[in-house]
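Here's a quick walk through some packing details, chain by chain. Have the viewer open and follow along.

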Amino acid sequence: MNAFMNQLPIGLSIGAVLLLIALGLTFTFGQMGVINMAHGEFIMAGAYTAYMLQDWAGRQAVLVALPVAFVVAGLMGLILERTLIRRFYGRPLDTLLLTWGVSLVLQQVARDLFGAPNVQVKAPTWLVGGGAWLGIRMPYARMFILALAVLCVVAIWIYLARTKQGRRMQAVMQNRDLAACSGIATSRVDQRTFFIGSGLAGVAGVALTLIGPVGPALGTYYIVDAFLVVVAGGLGRLQGAVIAAFFLGLLNSYVEYWSDASLAKVVVFAVIIGFLQLRPQGLFVLRSRKLT
Amino acid sequence: MSFGRRTARLTAASLVSLALALATTACASDKSTSKGAGTGGGASIDTSGSSVKVGVLHSLSGTMAISEVTVKNSVLLAIDEINAKGGVLGKKVEPVVEDGASDWPTFAEKAQKLISNDKVAVTFGGWTSASRKAMLPVFEKNKQLLFYPVQYEGLESSPYIFYTGATTNQQIVPGLDYLKAQGKKKIFLVGSDYVFPRTANKIIKKYAEANGMEVVGEEYTPLGHTEYSTVINKVTEAHPDAVFNTLNGDSNVAFFKQLRSTGVGPDRMPVLSVSVAEEEVRGIGPDYLAGQPVAWNYYQTTEGARNSEFVAAYKAAYGADKVTSDPMEAGYNSVYLWKAAVEKANSFEPEAIKKACDGVAIDAPEGKVTIDGATQHVYKTARIGVVREDGLIQEVWNSGGPVKPDPYLKEYPWATDL
């Protein structure tokens, strides 16, 4: 029982990491149909932003970096959208190849700028260590990431449901042509969506500095799992991404506890393949008036 | 824009297969061996000019670049130093640098290219056991020499490879002796899922059996794995006295960061690592590692005039903030050992060098290093160190002198049926 309870926060925190990364993809992949393999490199950019800010902000760099990384990664996404991706809308498999190439270039750029070896970001002292609650171990960094993920989901939900821009975004994703006819500048909405989606990757990158290495290949460890979350959750569905992320996190942590890490990965893949056979469009389906 | 059912299914399928492909690359490439097209043996080396070419073959891109770039740097440093003093047998040494790209078949191809196109006299290179195993048949087939600079799992001896890093009895066994001397009885094994940790752990289990220690758990994670909470949970639940860590690369960063958050420090449960050197300490952060023991043959802080010279030269060449580590030092030694063997043989020919190599010795940064002609490994001093707050490693124990290499552990009765 104790083992079961101890794995619970671990599973939730893995889920939170996946969710933070998948949130951005939910926009760019789910809503715009762009398979952005460079999303992983936006995560890396966020992590390096925290690293750079250390000179100035010291141990509080992680906190300072959250908004800065959002803007840095967001701008990178915006530039990518303006220069390349907008020429490929409606061709998801082409965007996969295109952005994969971009991701390789960005990794090498990072290697040239920061060097091949890992760098480190010092966590604020109050995030090092952990406590116990009802006998369950709670590492502070993990709890912070969990809280951050919840905060991001709430912020996005408010943005989508309560702001004019958010509603325009939903309109474009449900029926681009009709939205355009109604006077919505779809191209500007695309830019905004890409900025937010990429910016969220930057935030995820800052969070990852708390648990792992900061190196040029940082994003590649997570990108595939994040895509699985988006696909399993149903493309573009916020609630789907949330449920899928925490489900995969928990599944991973329990299977790993009773077997090992390699087998856990296999089981997660197998479960997703099986699930997608039954529901190819994921947990939640976007209701749309579009004829597809 | 939303997807049609078909597109969604297609996209999902391609993503899942991409994921599987990525996940299985490591295992698949482990099995591949070189079938590189070549000259079929006895490729000649070119020593006609005023210089002699040597190959330097390391991963300059990909996941292993983190570690291997530094070894390449120290090899080039040794070559520069040798050239400044007149070269080898009156010839300048001309390095041909190739990128193995962290991909084992590429290592085999590039090795073949260095031998047949560049006609190099010798090659310095490799880090992972997988890359060495891929290059081995190429060097054997062409009867050319490879100097391999990294500690490894032993149980190998190729007539055309010189092993200048530690074999198991010069690193892992002293590490275990150290834990035993500290009164550690229950050991937990954590390693990356490939040949080195699995072989090392086989040896460790035999040792434990013969020395009254108990292995209370054994966990492997894929290379590049970064989620260690569950492994750490299993470790803490098993209540070991110590952890023996054979994780490689980036995983160490995640492991130590996440271990720290459980609050179990090195005083209660030390984690002895055999793949964490100064460079890795910098990447992980000394905060997370201070007080943890490591086993190597060389540290930047190792005392001696020769080491001060080496550290100063390295910093002068590559930057004052750079650190030196065991594999870098072994790479540096490789060039000097080759030079000494060539001079003793008075020839660049591999067969002549092999015949002359026994007893060839140099004054290395770690102390005296001597080639053992029978195994083509080297005598090295074993050292246990503890990571300091400043990220350097402080020696706390050494073997008192160079240890004879014993790659097959023949001198240990408990290791007979490995």
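## Two helices side by side in chain A

Which residues in H2(A) meet which residues in H4(A)? On the H2(A) side they're A:Glu41, A:Phe42, A:Met44, A:Tyr48, A:Tyr51 and A:Met52, and on the H4(A) side A:Ser103, A:Leu106, A:Gln107, A:Ala110 and A:Phe114. Contact here means heavy atoms within 4.5 Å. Sorted by class, the residues of this contact of H2(A) with H4(A) come out as 8 nonpolar, 2 polar and 1 charged. The classes work like this: Ala, Val, Leu, Ile, Met, Phe, Trp, Tyr, Cys and Pro are nonpolar, Asp, Glu, Lys and Arg are charged, and the others, Gly among them, are polar.

Before going on, some ground rules: this is a predicted model, where local features need pLDDT of at least 70 and side-chain atom pairs count only at pLDDT 80 or more, while totals for chains, interfaces and linings use all residues. Residues are numbered from 1 along each chain as its sequence is written, chains are lettered from A and ligands numbered from 1 in the order in which they are written, and side-chain values use heavy atoms, with hydrogens and water left out.

Now the geometry. Helix H2 (residues 39-57) of chain A and helix H4 (residues 92-114) of chain A have axes that come within 10 Å and cross at roughly 20°. Helices (H or I, at least four residues) and strands (E, at least two) are DSSP runs, numbered from the N terminus. Axes are lines fitted to C-alpha atoms, for helices over the stretch in contact, with angles running from 0 to 180 degrees between N-to-C directions. H2(A) and H4(A) therefore count as roughly parallel (angles under 35 degrees are roughly parallel, over 145 roughly antiparallel, 65 to 115 roughly perpendicular and the rest oblique). H2(A) passes H4(A) in a left-handed crossing, meaning that the near helix is turned anticlockwise from the far one by less than a right angle; clockwise would be right-handed.

Next up are helix H9 (residues 220-233) of chain A and helix H11 (residues 261-278) of chain A, whose axes come within 11 Å and cross at roughly 25°. That makes H9(A) roughly parallel to H11(A), and H9(A) passes H11(A) in a left-handed crossing. H9(A) brings A:Asp225, A:Leu228, A:Val231 and A:Ala232 to the contact, and H11(A) brings A:Lys265, A:Phe269, A:Ile272, A:Phe275 and A:Leu276. The class count for H9(A) with H11(A) is 7 nonpolar, no polar and 2 charged residues.

Helix H5 (residues 140-162) of chain A and helix H6 (residues 164-174) of chain A have axes that come within 5 Å and cross at roughly 80°, so H5(A) and H6(A) are roughly perpendicular to each other. A:Tyr159, A:Leu160, A:Ala161 and A:Arg162 of H5(A) make the contact with A:Lys164, A:Gln165, A:Gly166, A:Arg167, A:Met169 and A:Gln170 of H6(A). By class, H5(A) with H6(A) gives 4 nonpolar, 3 polar and 3 charged residues.

## A buried alanine

A:Ala207 sits in helix H8 (residues 186-208) of chain A. Buried or exposed? A:Ala207 is buried, at a relative accessible area of 3% (buried is under 20%, exposed over 50%, partly exposed in between, with a 1.4 Å probe and protein chains only). Setting aside neighbours within four places in sequence, A:Ala207 is in contact with A:Leu20, A:Ile145 and A:Leu148.

## Over to chain B

Chain B has 13 helices and 14 strands, and 62% of its 418 residues are buried. Helix H5 (residues 172-181) of chain B is largely enclosed by the rest of the structure, because 7 of its 10 residues are buried. Strand E6 (residues 186-192) of chain B has 6 of its 7 residues buried, so E6(B) is largely enclosed too. E6(B) runs parallel to strand E7 (residues 214-221) of chain B, joined by 7 bridges; pairing takes at least two DSSP bridges.

B:Glu156 is in the loop between strand E4 (146-148) and strand E5 (161-163) of chain B, and at 6% relative accessibility B:Glu156 is buried. Beyond four places in sequence, B:Glu156 touches residues including B:Arg132, B:Lys133, B:His377 and B:Tyr408.
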